[in-house]
Amino acid sequence: IRDSDGGELSSKIWNEFAKPDAPVMDLMITICGAAATQTCPIWSGAPIRAHCGINDPAAAPQTNSGSTVQSVSDLLSRRTLDFMEIPLQTMQAIDLKYAVAKIGTIP
């Protein structure tokens, strides 16, 4: 998958965005199942934070690993499509945080 500039997209660990030359973010969404209980760093620009936790499919029993990965992929797809429907440019910060948190509860 490539971004709009043709670069490769990939998941990132938080310290990639803690560097002095990192881009300022407007919105930070954590998806790790354990991230909701962890302390997040202080981000430059104070982005809106929301958690849309999904359990790590690698932790699933071997007998269910294929179906678990497919289920996680399907859930991420549903949530991503719903996120793309949010009118980001016209929402107030509190409304955006609520909308993203609501998407995080989609089963």
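**Contacts around D82**

Mentor: D82 touches I103 and I106, leaving out residues up to four places away in sequence; contact means heavy atoms within 4.5 Å. Keep in mind that this is a predicted model, where local features need pLDDT of at least 70, side-chain atom pairs count only at pLDDT 80 or more, and totals for chains, interfaces and linings use all residues. Residues are numbered from 1 along each chain as its sequence is written, and side-chain values use heavy atoms, with hydrogens and water left out.

Trainee: Which helix is D82 found in?

Mentor: Helix α1, residues 65–84. Helices (H or I, at least four residues) and strands (E, at least two) are DSSP runs, numbered from the N terminus.

Trainee: And how far apart are the C-alpha atoms of D82 and I103?

Mentor: They are separated by 6.9 Å, with the two residues 21 apart along the chain.

Trainee: Why does D82 count as partly exposed?

Mentor: Because its relative accessibility is 37%. Buried means under 20% relative accessible area, exposed over 50%, and partly exposed in between, with a 1.4 Å probe and protein chains only.

Trainee: OK, over to α2. Which residues are buried there?

Mentor: In α2, residues 93–103, the buried ones are L96, A99, V100 and I103. They sit on the same side of the helix, because they cover an arc of only 95° around the axis; the arc is that of the directions from the helix axis to the C-beta atoms.

Trainee: What's exposed on the other side of α2?

Mentor: I94, Y98 and K102.

Trainee: Back to α1. What about R79, is that residue buried or exposed?

Mentor: R79, which lies in α1, is buried yet has no salt bridge. That would take a side-chain nitrogen of Lys or Arg within 4 Å of a carboxyl oxygen of Asp or Glu. The nearest side chain of opposite charge is D82, 7.8 Å away.

Trainee: What is R79 in contact with, then?

Mentor: Beyond its neighbours within four places in sequence, its contacts are C52, G53, I54, I103, G104, T105 and I106. C52, G53 and I54 belong to strand β2, residues 48–54. C52 and I54 are on the covered face of β2, while G53 is on the uncovered one.

Note on methods
Lys, Arg positive; Asp, Glu negative; His and termini not counted.
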